[in-house]
Amino acid sequence: MGTLVAGAVALVGIVFFEFGMEPLVRRIAESQLAEAATRVKADLDGVFQPTEHALRMGRQWIHGAPPSPGAIEAFNIVFMPVLEALPEASSINVGASTGEGWMLMQHADGGWRNCITDLNRWGRRHVFIDREPNGSVRRHRENVDYDPRLRAWYTSAMALPGKVQWTPPYAFFITGDPGITASI
C-alpha cells in the first residue's frame, strides 16, 4: 500500500512538474533571455551608433573637398575632436579614388600620428607626422607598400556608397592590431 501511495505521489509530482512547472520555468527563462538580449543590444548600440553618426557627419564635413596632401592640419582640426569623443575608435582614415589617403591615429599616451598618401605624386613614399604629448613634432617619409583603395575600410565603403559598413575583424595595416572598421 505504501509503495502504491508513494508511486501515486511521485506520478502526481511528475505530472505537476511536466504540465505546470516546466512551462512556467520555460517562460521565465525566455523572458530573462529576451531581457538580457535587449540590454546587450542597447549596450552595443551605445558603442556603435555614435561611430556611425560621426562617420556620417565627417562625410558631410569633407564631402567633395578632401584636404590637400600638404594641408593635414585642416583634416586634424575636423577629426581630432571626433577621436577624442569616441574612446573605442583609434584612427580615422579617408581615401580618394585617385590614390590619396589621410590617416589620423590617436595613441594611448595622448600622442597623434598622421600618415599622408599621394600615390600619383609620391608613389610608395608616405609622409608620417608624429605629435608627442609634450608637443614635439617629427615629420618623416617612409617607403610603404600601401594603397588606401585596397584596404578593407575603403572597399567596404565603396561597396554600398552612402551607407555605413562594418568590416569583419582584420589586422590593421599600420599597427597590426586586430580590430573592425566602420566606413562610409
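Predicted model: local features only at pLDDT ≥ 70, side-chain atom pairs only at ≥ 80, totals over all residues.
From the N terminus on, the elements of this protein follow the order α-α-β-β-β-α-β-β-α-β-β-β-β. That makes four helices and nine strands. Of the 184 residues of the protein, 32% count as buried.

Is Leu4 buried or exposed? With a relative accessible area of 63%, Leu4 is exposed, because the term applies to residues over 50%. Leu4 also belongs to a nonpolar patch on the surface, formed with Met1, Val5 and Val9. Together, the residues of this patch have about 480 Å² of accessible area.

Rolling a probe the size of a water molecule over the atoms shows where empty space is left. How many cavities of 30 Å³ or more does the count give? The count comes to one, and about 30 Å³ of space lies in the largest cavity.

Which residues line the largest cavity? They are Asn93, Gly101, Trp102, Met103, Cys115, Thr117, Tyr146, Pro148 and Trp153. Two elements, β2 (100-106) and β3 (112-118), each give two or more residues to this lining. Strand β2 gives the most, with three residues.

How values were computed. Residues numbered from 1 in each chain as written. Heavy atoms only, no water. Patch = residues over 30% accessible without salt bridge, like charges linked within 9 Å, V, L, I, M, F, W, Y side chains within 5 Å. Areas by Shrake-Rupley, 256 points an atom, 1.4 Å probe, with all protein chains shown as cover. Salt bridge = Lys/Arg side-chain N within 4 Å of Asp/Glu carboxyl O. Buried < 20%, exposed > 50% of the residue type's maximum accessible area, 1.4 Å probe, protein only. 1 Å grid on protein atoms, 1.4 Å probe; cavity = no way out; pocket = protein on both sides within 12 Å on 5 of 7 lines; lining within 4 Å. Points joined across faces, edges and corners; volume = space filled by probe spheres on them.
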